[in-house]
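Me: Hi! Could you walk me through this structure? I'd like to hear about its inside.
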Amino acid sequence: MEILEKIKKDTGNASDLIIKKINITNHEVYLIYNEVLTSGDAINDFLLKNIAFLIDEKIIMQDPFTFLYNSLPSHNVKIVENYTDVLTRLFNGFAILLYDEKMFSMELRASLDRGIVEAKNEIAIRGPKDAFSENFNKNLGLIRRRIKSEHLWMKDLEIGTLSKTKVGILYMENIADKKMIEAIQKKLEKINIDGILDSGYIKNLWKEESILFPTIMTTERPDLTSMALLEGKIVILVDTSPYALILPSFFLDFFHTPDDYYQKNFNISFIRIIRLLAFFISIFLPAYYISITTYNHTSISLDLLLSFIEQRKNVAFPALVEALIMTISFEILRESDTRMASTVGSAVSILGGLILGDALVSAGIISPIMIIVVATSAISGLVFTSIEMSNAIRFYRIFLMILASILGIFGIYIGFATLIIHLSSIKSLFYFYLSPISPFIKTEQRDTIIKAKEKGLKLRNPLLAKKNKVRGEVE
């Protein structure tokens, strides 16, 4: 048949493309499927056995095509009229039945994902342990399992001229702002690329207001995704990606975790203060040490200053060079630990942290206090799971170290002002990044750093929720 020859030609007569000819009461039916994308068990149990039954019973059919369409079991059977759709469905795990130039497809996908597993990067201390996988339908199911509402809507897109990746825009129709939904859809539709292999592609192609701080949150946790949807935010799911994208995301969102809402308010408020403290320690501590050992000697007590001088008397390098050596060494160790297997990675950390550090001090390259300062700063930065936030902290840490080595404490003031101006100028979609602090939203102050009791959290963020602004009330 002409269409069979065209399929063979356009696919390069691929070895994994199976074309099986079946005779049913003098009628020729062709079964076409990709053996690596289609489940062999489903082909045998639900398709070939039923066709064999028709052959054995010698059922005479006036219209074999309609009979097959109505008789063969599959939850997703569709008549295909477009040749382009045939190729698209073949490479999406569908089987095609062809009879007399008429075609219909059945979804018989093979399970090629790793199933629902525990979150690896965003560890759940309390609460649900499940995480997204590479299967789009499973990820959507994990969200719908939590939000059993007809108001959870989704818009489907296909991005990538060659990969044809399925992308879903999820939102609560009765809460989210329609203008925000339309803006996100337009941005996604403008993406022109050969293939989208992960949600990170979309994040990188998205024209963000800031090149340092993240304005799109990435998460592998369905509970955090569901919380964002109920706040009026938008979620983007990408097929073959275990990470969902949440828009818009604000600066303070990266100081919150889903576990914050599973524990007592007092404890969570204390932990959030610790996270904020860790943010400033990670950025400012090395710069402050450089400033007091280089210019501003009078800003600390004489005993402490003499202790610093005693430790640095045999060190050949200035404080800035010391700090840069230690910072770069730590980043190399962290990257090695991340890329190595878990058993080898732990050995690398021990070797670098203990032996190398002791050798640097003994050789007079680094002072002991500098190891303490840089290690404290680096450990404080590990509080944040977002890679983009860690990268932004790393940049400002080095930036302030350079300013402190030139201008001392005054350089730190300039760096702090630059940081605040930068954060104040960023926008996530239409909204200011420092919201609800700037602009100040009184009702949202009960869940910023200090978490209030549940009675004080009745109102949703007025920036995001244009309808049903009161939690628990649905119009």
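Reply: Happy to! Helices (H or I, at least four residues) are DSSP runs, numbered from the N terminus. This is a predicted model, where local features need pLDDT of at least 70, side-chain atom pairs count only at pLDDT 80 or more, and totals for chains, interfaces and linings use all residues. Residues are numbered from 1 along each chain as its sequence is written, and side-chain values use heavy atoms, with hydrogens and water left out.

Me: Which helix gives the largest share of the lining of the largest cavity?
Reply: Helix 14 does, with four residues. On a 1 Å grid over the protein atoms alone, a cavity is a set of points where a 1.4 Å probe fits but cannot get out, and lining residues have an atom within 4 Å of a point. Helix 11 (319-339) and helix 13 (368-381) each supply at least two lining residues as well.

Me: And how much space lies in that largest cavity?
Reply: About 60 Å³, the volume being the space filled by probe spheres set on the grid points, which are joined across faces, edges and corners. Its lining includes Phe330, Glu331 and Arg397.

Me: New topic: is Lys203 buried or exposed?
Reply: Lys203 counts as buried because its relative accessibility is 7%; buried means under 20% relative accessible area, exposed over 50%, partly exposed in between (1.4 Å probe, protein chains only). Lys203 sits in helix 7 (residues 199-205).

Me: What does the side chain of Lys203 reach at 3.1 Å?
Reply: The backbone oxygen of Ile216.

Me: Where is Leu245 relative to Lys203?
Reply: Their C-alpha atoms are separated by 7.9 Å, with the two residues 42 apart along the chain.

Terms used
1 Å grid on protein atoms, 1.4 Å probe; cavity = no way out; pocket = protein on both sides within 12 Å on 5 of 7 lines; lining within 4 Å. Polar contact = N/O pair within 3.5 Å; in protein donor to acceptor, adjacent residues only side chain to side chain.
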